[in-house]
Amino acid sequence: MPSVHSEQLQAESRELAALFAKPARFVRALDFHFEKYGNRAKRQGAKRRNSSLLQFYDVPDPVMRQLRQELFPLVQEKPTEGLELIDALWERRTREHRELAAYLLGQLPEKKFRNVRARIQRWNGENREEAMIRAIARLGSHNMLQRAPLELLPLCKTLLRSGDIRQRASGLLILKSLIEEGEMDNLPAILDMMTPLYRKPVKSLRPFLLETIESLIKRSPGEALYFLQQRLTESKAKGTHWLAKQAMKAFGQHEARLLAESLAEFEAIRKD
């Protein structure tokens with residue numbers, strides 16, 4: 001892996017950006033770019049340990065940052081060409097290509113939000129890696145979250161109703177972002193979508209469920225406390241108890257005491 005020199009990296013990134021409207025050529029050139037700056041030894045070691053992971057180059061952060069900086073204005077000025085490039089990047093089964101695709105998807109302007117929603121849903125069905133679920137949700141929804149958060153609610157509803165765990169995980173991560181950055185007026189709709197998943201928590205979704213409720217605790221501890229108390233009243237599922245117990249650590253002293261009382265009642269009911 002060669003040293004990263006700022007001026008050289010800028011020049012190389014500009015050369016790549018000049019291929020923006022030629023997706024096939026861009027992706028081929030990007031392969032060489034990542035190969036040049038990637039960590040081959042680390043890549044080979046990971047490949048031997050787990051062949052199911054996406055391939056990756058392990059390029060330094062400045063390389064990805066410079067690419068994003070060069071491509072950001074282009075994807076906003078030429079969103080149709082940008083979408084073609086995004087699709088070409090996603091088809092290349094390496095982590096860096098797909099993370100760049102997710103980033104560019106999240107920079108598309110409002111007139112392409114329908115395409116953004118469609119790709120978030122489709123990509124989650126194709127993806128097999130947890131880190132990429134997070135990238136799709138966090139990076140891919142960026143502009144929608146900033147400019148049209150209400151348009152994310154129907155997408156979340158669709159994702160959360162899916163039988164696919166990856167789709168549901170992505171829906172929870174987008175809800176988490178909406179809780180953290182969205183308007184409080186949207187909270188009732190968000191809580192309605194969360195409720196079925198917390199009544200009967202699927203074990204593989206627990207980390208995502210916990211992250212989401214912890215975000216709610218930070219934004220509105222009173223709402224979070226009431227929400228968990230209601231779920232404990234409705235459900236006898238062990239997963240609900242586990243989530244409430246873990247979430248208790250994120251509350252302040254007063255709310256934590258009230259939740260502990262609800263957990264004790266939950267345990268007493270389960271024993272009867």
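Q: What does the side chain of Asn 127 have within reach on the backbone of Glu 129?
A: A polar atom of the Asn 127 side chain lies 2.8 Å from the backbone oxygen of Glu 129. This is a predicted model.

Q: Where is Asn 127 in the fold?
A: In the loop that runs between helix H7 (113–126) and H8.

Q: Is Asn 127 buried or exposed?
A: Buried, because its relative accessible area is 0%, and under 20% counts as buried.

Q: Which residues does Asn 127 touch, leaving out those up to four places away in sequence?
A: Trp 90, Met 132, Ile 133, Ile 136 and Arg 166.

Q: Switching to Arg 206. Which helix is that in?
A: Helix H13, residues 206–219.

Q: How far is the nearest side chain of opposite charge from Arg 206?
A: That side chain is Glu 267, 12 Å away. Arg 206 is buried and has no salt bridge.

Q: What does Arg 206 touch, then, beyond four places in sequence?
A: Lys 238, Gly 239, Trp 242 and Leu 243.

Q: And the helix itself, what span does H13 have from first C-alpha to last?
A: H13 reaches 20 Å over its 14 residues, close to the 20 Å expected at 1.5 Å a residue.

Q: Which residues of H13 are buried?
A: Arg 206, Phe 208, Leu 209, Leu 210, Thr 212, Ile 213, Ser 215, Leu 216 and Ile 217.

Q: Which helices do the buried residues of H13 pack against?
A: Helix H8 (130–140), helix H11 (165–181), helix H12 (187–199), helix H14 (221–234) and helix H15 (238–247).

Definitions and conventions. Residues numbered from 1 in each chain as written. Predicted model: local features only at pLDDT ≥ 70, side-chain atom pairs only at ≥ 80, totals over all residues. Heavy atoms only, no water. Helix = DSSP H or I, 4+ residues; strand = E, 2+ residues; numbered from the N terminus. Buried < 20%, exposed > 50% of the residue type's maximum accessible area, 1.4 Å probe, protein only. Lys, Arg positive; Asp, Glu negative; His and termini not counted. Salt bridge = Lys/Arg side-chain N within 4 Å of Asp/Glu carboxyl O. Contact = heavy atoms within 4.5 Å. Expected span 1.5 Å × (residues − 1). Polar contact = N/O pair within 3.5 Å; in protein donor to acceptor, adjacent residues only side chain to side chain.
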